[in-house]
Amino acid sequence: MVPQWVIEKKRDGGVLDESEIRSFIHGFTVGDIPEYQMSALAMAIYFRGMTDEETAVLTDAMMRSGDLLSFENWPCPTADKHSTGGIGDKISLMLAPLAVTAGLAVPMISGRGLGITGGTLDKLESISGYNTRLDVDAFKRVVSEVGCSIIGQTDRLAPADKKLYALRDVTGTVPSVPLITASIMSKKLAEGAQTLVFDVKCGRAAFMRTPEDARKLADSLCRVGRALGRKTDALITDMNRPLGRTAGNAVEVREAVETLRGAGPQDTRDLTVELTARMAVTAGTYPDLEQAKVALYAKLDDGSALEVFRRMVVAQGGDPAFIDHSECLPQPGAAVEVSAENGGKVTDVDAEAIGRVVLRLGGGRQQVTDTIDPAAGVDRLVQVGEQVEAGQPLMRLLARDRATAESCLPAARAAVTVQADE
Ligand code: URA
């Protein structure tokens with residue numbers, strides 16, 4: 001395989017052979033193919049696209065660049081969910097334990113937040129003692145004993161993706177459906193779950209801004225998953241507005257516990273149940289969505305899912321005290337209320353603007369190497385359709401000190417639109 005011939009073939013709109021794709025990815029992973037040639041191929045793929053067959057081979061090659069976990073002959077179906085990321089998206093924290101109550105095992109490997117998008121791993125790390133770095137044997141032991149485990153990505157899981165993603169990030173080649181598909185799927189497939197459900201976010205705070213683009217990605221993820229032997233389903237959900245009433249890390253864990261107690265914001269509760277129901281139906285533990293949803297709402301309301309969550313936290317070394325005493329979670333140095341300038345109906349809460357506020361409060365990272373403040377974020381966020389009085393709080397800003405919180409007041413106020421009463 002001559003790398004420049006492969007690049008030229010894709011540049012001219014050709015369809016790459018399986019051996020060309022596999023050799024290229026292998027060469028890049030081991031360092032034989034330099035970054036400039038990989039970048040050129042990524043750009044050619046960006047402009048020319050890939051067929052489903054090419055995308056499946058690319059995904060498979062990237063998946064096989066590292067360790068593969070196996071849950072073969074597991075006593076119950078294994079399933080996982082992937083979200084393309086958003087503001088206030090704490091769904092995994094509730095979904096994994098809830099899915100266990102539906103007869104599934106959930107081996108979940110999650111990522112960290114970057115830019116305005118939060119990451120499940122950062123949220124879990126606000127729990128004192130919780131170990132996100134279990135080795136494969138310990139990970140499998142927790143899945144076996146509890147039914148679910150959530151850990152962080154290791155360097156040995158799809159290393160080709162790690163290398164390629166870093167390159168795409170600086171070469172303008174991130175927004176390509178085949179490249180995003182291969183990136184997401186190579187990691188998810190390496191994890192070994194038989195059923196995968198995707199929550200493709202759509203809107204101003206999402207990767208995919210339009211329903212058409214979100215649909216293209218959802219279809220591509222499902223088709224490639226099926227081509228590689230998995231059961232798949234996808235949901236396209238709104239990311240114009242934040243999910244729930246919190247965005248940050250410790251605050252989202254608190255809201256997750258509320259939701260696992262049968263309370264929590266309705267949008268958060270509904271999406272948790274919808275995605276978990278799809279996992280259960282796709283994996284075959286419930287015959288249809290309606291039956292699954294009725295059962296799953298009941299498992300939130302009777303505390304069964306919360307008990308699974310508690311056992312997972314303990315099994316991973318975490319102190320479960322925060323479940324009954326939320327003050328055991330990291331607390332901010334300052335909390336500043338953002339009040340409404342006029343009364344009326346909330347007609348918009350801009351998720352992208354809220355994401356930027358959380359970042360400035362210290363709850364997110366601009367570079368992978370940045371550290372985050374687990375207590376920073378926003379809570380008590382109003383939601384669209386609610387009525388507010390002048391002077392009433394729209395949200396609280398949580399930061400390490402008052403000056404940091406106050407510096408975000410104008411941006412936070414501008415993120416919420418209140419239409420004055422006639
Ligand atoms: N998430 C990923 O893991 N990869 C992408 O390319 C985009 C989103």
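I began with Phe139 in this predicted model, and, setting aside neighbours within four places in sequence, I found Phe139 in contact with Leu69, Phe71, Pro107, Met108, Ile109, Leu134, Ser149 and Ile151. I then looked up the largest nonpolar core, which has 78 residues, and noted that Phe139 is among the members that touch the most others, together with Ile127, Cys148, Phe198, Met279, Phe309 and Phe322. Helix H5 (residues 91-101) gives this core its largest share, 8 residues. I also recorded a second, separate core of 31 residues, including Ala247, Val378, Leu381 and Leu409.

Next I turned to the second largest pocket, which holds about 240 Å³ of space. Its lining has 14 residues, and those closest to the pocket centre are Asp238, Arg241, Pro242, Asp267 and Gln383. I sorted the lining by type and got 7 nonpolar, 3 polar and 4 charged residues. Strand E5 (231-238) and helix H12 (266-283) each supply at least two residues of this lining.

Last, I checked Gln419, which sits in strand E12 (residues 416-420). Leaving out neighbours within four places in sequence, Gln419 is in contact with Gly343, Gly344, Lys345 and Thr347. Asp379 is 40 residues from Gln419 along the chain, and their C-alpha atoms are separated by 22 Å.

Conventions. Residues are numbered from 1 along each chain as its sequence is written. This is a predicted model: local features need pLDDT of at least 70, side-chain atom pairs count only at pLDDT 80 or more; totals for chains, interfaces and linings use all residues. Side-chain values use heavy atoms; hydrogens and water are left out. A nonpolar core is a set of buried Ala, Val, Leu, Ile, Met, Phe, Trp, Tyr and Cys residues joined through side-chain atoms within 4.5 Å. Buried means under 20% relative accessible area, exposed over 50%, partly exposed in between (1.4 Å probe, protein chains only). Helices (H or I, at least four residues) and strands (E, at least two) are DSSP runs, numbered from the N terminus. Contact means heavy atoms within 4.5 Å. On a 1 Å grid over the protein atoms alone, a cavity is a set of points where a 1.4 Å probe fits but cannot get out, and a pocket is an open set with protein on both sides within 12 Å along at least five of seven lines; lining residues have an atom within 4 Å of a point. Grid points are joined across faces, edges and corners, and a volume is the space filled by probe spheres set on the points. Ala, Val, Leu, Ile, Met, Phe, Trp, Tyr, Cys and Pro count as nonpolar, Asp, Glu, Lys and Arg as charged, and the others, Gly among them, as polar.
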